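These are my notebook entries on one structure. I wrote them in the order in which I looked things up.

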Amino acid sequence: MTRGLSHLRVCDLGGQLAGAGATKILAAFGAEVIRVEDPVTRGMWDALRGVGPFVDERRGVNLGAGFNNHNVGKLGVTINLRVDPGKQLLRELIALSDIVCENFAAGVLARMGFGYDELRRIKPDIIYVSNCGFGHTGPYRDFKTWGPIVQALSGLTFTSGLADSEPAGWGFSYMDHIAAYYMVIAILAAVHHRERTGEGQHVDLATVPAGIAMLPTEVLDWTVNERSSRRAGQPNGNHAAFGEMAPHGIYPCLGEDRWIAIACRDDSDVAVLAKVLDEPELVADRFATLEQRLTCSAELDGLVAARTRTREPATLASELVGAGVPASVVKSPRERIDEDPDLAEWGLFPAVQHPEIGTVRVEGIPLRLSASPWRIERAAPCLGEHNRRVLGGLLGRSDRELEELTKQGVI
């Protein structure tokens, strides 16, 4: 089957999660993504390149599993943009590309000599996509951000943790992934616009507002009610955010670090839960209404937990779901990746063969297109792996010229 984006070539100067995650999706749907890296710093303008997790005791710039996961399906070249011959190579690559992507801080690419005006001189209909903390305009444009900072600025950190303790943070750069998804949408919209009009454009994307987009209920609650999402007297961070359900939480089960999620939507769900757990106190008069259950939530959770901790989580979840109560095992990585038949049927964790790491599984794309499906068949590039293929085969440099460029530190 023909993949939907096989007509596109992407010059990818991005990295980390936000930039690399977007172009990974484009590559999975057939775009030729050429990842440009720096030979001087050994590719380490992307912090993921040489950091864990690792498959064994080996360490190096080609062995980072996170980098491999976010750069599958791409070609990789090294170009030194500090020197004029390197800049000339990039100009030639841009001239043959449809899209240029980057997620440096605002203005960095322009200071290298490749701002949008210069890109348009190289190729008038180029689509240039920048992705940074605050975008290229506004009072914060010169600020530099990183995962924990973006979480704090966007408001994500404030929503996390228990109400009577400090905000806990999310522990991972979720907003980078959201920014990557927005980036893909923006690229496809810009490509569609160009196909209709012949006109390229600059897509200016900001990660902090992308993080804010993950908080619609919190934004609405403040806008309408001027109410904070962290309210005193709410001891369980797993309670329903607006008091619409009780019991509603994560409860311990039999075994080490085993848990179940339960959400009782109404009185009938509570009655069923009481029957399945063999705990008649859950339907005692003091828990007769939602308001009463919310008032006595700590006692209610204690009763539920005392029963769930004696039960095997999968069996209990199956009983509750069979009886009509929303419930699920809190799945471990092993259960999600190795044992979930639904994810296996989706093929969500395909294996790739990396020349140094070996055979490893990576994340697929959680959607299906019947006529132009995604495919992930090639691991992330080792540093400069495709210099000959791209700089020679595409840009026309001979083997002798490539050897000389390597000696000069250009590639």
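Into which domains is the protein divided? I found domain 1 (9–213 + 345–408) and domain 2 (247–252 + 259–329); the bounds come from an automatic or database domain assignment. The C-alpha centres of domain 1 and domain 2 lie 45 Å apart.

A note on the source. This is a predicted model, where local features need pLDDT of at least 70 and side-chain atom pairs count only at pLDDT 80 or more, while totals for chains, interfaces and linings use all residues. Residues are numbered from 1 along each chain as its sequence is written, and side-chain values use heavy atoms, with hydrogens and water left out.

Entry: cysteines. I looked for disulfides (pairs of cysteine sulfur atoms within 2.5 Å) and the structure holds 0. For C253, the nearest cysteine sulfur is that of C264, 14 Å away. C253 is buried, at 6% relative accessible area; buried means under 20%, exposed over 50%, and partly exposed in between, with a 1.4 Å probe and protein chains only. C296 is partly exposed, at 23%.

Entry: salt bridges. I counted a side-chain nitrogen of Lys or Arg within 4 Å of a carboxyl oxygen of Asp or Glu, and the structure holds 27 such salt bridges. One of them joins D98 and R194, with the closest N and O atoms 3.0 Å apart. D98 sits in the loop between α3 (84–95) and β4 (99–102), and R194 in helix α7 (residues 174–197), so that the pair, 96 residues apart, links distant parts of the chain. Helices (H or I, at least four residues) and strands (E, at least two) are DSSP runs, numbered from the N terminus.

K331 is partly exposed at 38% relative accessibility, whereas D340 is buried at 14%.

Entry: F29. I located F29 in the loop between α1 (18–28) and β2 (32–37). F29 is buried, with a relative accessible area of 10%. Not counting residues up to four places away in sequence, F29 touches (heavy atoms within 4.5 Å) several residues, among them R3, L5, I365 and W374.
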